Amino acid sequence: MRPKPAALRPTPKPMLQRFSFRQLLVIAFLLIAVLLGAASLRALFALQDLTVQSRDNAARALDLSGAAQSLRERSLSMERSSRQSVVLDDRVLRQRFRDEARDATSILTRLAREDIPAAKAQPWRTHLDTMLDLLTGPPDTALEREHQLTQEFRELEGINTAIAMQVQQTIQQRNQSLQEKLETSRQHLAQQVTWAIVLTVFMALAFGVWFTRPLKRLENAIIGLGENRLDQVIAIHGPADLALVGERLNWLRLRLSELDADKSRFLRHISHELKTPLASLREGVSLLEDGVAGPLSHDQREIAQILKHNTGVLQSQIEDLLRFNTAAFEARQLHRQTIDLLQLIEDQVDAQRLQWRARELTVNISGEPLKMEVDPEKIGTALANLLSNAIRYSPLKGTIELALSQQPGLVHIDIRDQGVGVAPADRERIFEPFYRGERQPKDGVRGSGIGLSIVHEYIAAHGGRIELLPQETGTHFRIEFPHVYKS
């Protein structure tokens with residue numbers, strides 16, 4: 001079998017991208033747990049070692065203290081036995097002295113193994129040898145030998161005291177050494193725990209950033225789909241399951257692009273298919289009304305006028321339908337810019353200056369300059385529609401008020417007029433497409449019913465809302481935006 005060309009071979013994925021988000025999350029927790037567990041075990045073993053050393057040191061200290069005390073007790077017993085044996089010339093007492101001396105010598109040997117210097121033990125043995133020589137002799141020398149034994153035991157007592165002091169110093173040195181080792185171990189453990197905590201925090205932050213990046217890309221991709229940014233390719237690099245979600249979102253983006261294209265083609269097709277015969281119908285009705293095909297009777301002319309009017313209404317409705325669909329489609333395509341909302345309101349009022357002056361209206365604007373990221377064209381259109389409605393419904397020489405205000409986390413734009421207001425039955429449906437309320441201006445043209453629907457679409461696309469507030473006279477609309485503005 002011939003090998004595949006390099007260009008046709010699948011590109012191997014990086015090692016981390018072969019795991020799912022759940023698997024990587026488990027691996028991250030295991031790594032952190034292993035790091036903290038290793039530090040804990042290290043501290044446990046060090047503590048156990050220090051505990052064993054402390055127990056051994058205490059046992060050895062107790063043994064040394066007991067040996068020093070036992071040596072002194074043996075010395076006292078030896079003194080009694082030796083002096084009595086010299087005075088009484090008793091063989092049993094001499095044997096008891098030798099037994100006590102043997103035990104004392106054994107204690108000295110044990111102390112020597114515990115690092116008691118030989119300079120302390122050698123004089124003790126020298127005095128012992130002298131004492132053994134003084135135990136036997138002529139009876140007439142007993143008192144002199146007893147006196148010499150007393151002197152020897154006094155010197156031996158000084159040696160015992162020196163040995164006891166040396167034992168205490170040895171115990172203190174060992175305790176000091178253990179304390180120093182304990183302090184060194186504590187410092188090492190503190191450093192290890194500190195480094196373990198630092199590494200754990202670093203690993204947690206690193207894994208958190210690494211995990212949240214693909215999630216943030218997913219969030220941005222979903223927002224892009226919601227705002228109809230269908231020209232941006234969606235590619236999520238990260239765990240296998242998140243990358244698969246990215247592929248599904250990209251497929252959805254392509255599908256939405258096809259549906260939008262189909263919708264645009266359908267609207268263009270239906271517009272052409274309806275407008276062409278409708279234009280022919282209107283032209284034919286006009287010819288009939290003008291008497292080109294012959295004179296019409298009064299009833300026939302009236303019918304021709306009704307047909308002409310209805311064809312005009314039908315054409316207007318078709319154009320309104322196309323305009324509303326276009327506005328609804330464009331509402332999802334926002335081009336945000338940082339602008340001054342107060343300046344945008346003033347621009348819209350200036351743009352309709354001729355209309356409100358023709359009705360001798362007064363337009364008041366209040367508020368402070370406020371920066372905010374919006375699509376100026378769409379928000380400008382929404383404000384223009386609301387202002388146009390207020391002008392159309394306001395009485396002659398009436399007042400229109402536009403107010404910009406800032407609340408905690410919110411921005412409000414209020415538009416008030418002194419017109420006929422909205423009927424209670426119409427309040428729930430005022431933002432529905434092609435819905436026209438029962439209260440219409442007497443001297444104005446009846447509206448198409450899509451102006452407020454377009455306003456609602458544009459405001460909702462920005463994450464805001466528009467509502468009709470209760471007012472005794474006239475109409476009060478309020479636009480509310482979330483706190484995405486810039487101070």
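Glu219 is partly exposed, with 39% relative accessible area. In this predicted model, Glu219 pairs with Lys216 through a salt bridge in which nitrogen and oxygen are 3.6 Å apart. Lys216 is partly exposed as well, at 44% relative accessibility. Both residues belong to helix α4, where a spacing of three residues places them about one turn of the helix apart. An α-helix has 3.6 residues a turn, so residues three or four places apart point the same way. Helix α4, which covers residues 142-226, also contains Val193. Together with Ile197, Val201 and Leu205, Val193 makes a nonpolar surface patch of about 350 Å². The relative accessible area of Val193 is 37%, so this residue counts as partly exposed.

The chain has 487 residues, of which 36% count as buried, and its fold comprises ten helices and eight strands. Among contacts with a separation of 6 or more, 71% join residues 24 or more positions apart. The accessible surface comes to about 29900 Å², with 57% of this area belonging to carbon and sulfur atoms.

The structure holds nine salt bridges, and some of them are joined: Arg465, Glu467 and Glu480 form a network.

His412 sits in strand β5 (residues 410-416) and is buried, its relative accessibility being 7%. Beyond its neighbours within four places in sequence, His412 touches Ala403, Leu404, Ser405 and Gln407, as well as Arg478, Ile479 and Glu480.

The N-terminal end of α9 is capped by Asp375, a side-chain oxygen of which lies 3.1 Å from the backbone nitrogen of Glu377. Buried residues of α9 include Ile379, Leu383, Leu386, Leu387, Ile391 and Tyr393, along with the polar Lys378 and Asn389.

Several loop residues also deserve a look. Lys397, in the loop between α9 and β4 (399-407), has a positive phi of about 65° although it is not a glycine; this residue is exposed, at 62% relative accessibility. Glu360 likewise has a positive phi, of about 55°, without being a glycine. Glu360 lies in the loop between α8 (353-358) and β2 (362-366) and is partly exposed at 47%. Finally, Asp290 is found in the loop between α5 (240-289) and α6 (298-330), where it is exposed at 58% relative accessibility. The C-alpha atom of Asp290 is separated by 9.7 Å from that of Ala304, 14 residues away along the chain.

How values were computed:
Residues are numbered from 1 along each chain as its sequence is written. This is a predicted model: local features need pLDDT of at least 70, side-chain atom pairs count only at pLDDT 80 or more; totals for chains, interfaces and linings use all residues. Side-chain values use heavy atoms; hydrogens and water are left out. Patches are made of residues with over 30% relative accessible area and no salt bridge: like charges are joined within 9 Å, nonpolar side chains (Val, Leu, Ile, Met, Phe, Trp, Tyr) within 5 Å. Accessible areas come from the Shrake-Rupley method with a 1.4 Å probe; for residues, only the protein chains shown count as cover. A salt bridge is a side-chain nitrogen of Lys or Arg within 4 Å of a carboxyl oxygen of Asp or Glu. Helices (H or I, at least four residues) and strands (E, at least two) are DSSP runs, numbered from the N terminus. Buried means under 20% relative accessible area, exposed over 50%, partly exposed in between (1.4 Å probe, protein chains only). A polar contact is a pair of N or O atoms within 3.5 Å; within protein, one must be able to donate a hydrogen and the other to accept it, and residues adjacent in sequence count only if both atoms are side-chain atoms. Contact means heavy atoms within 4.5 Å.
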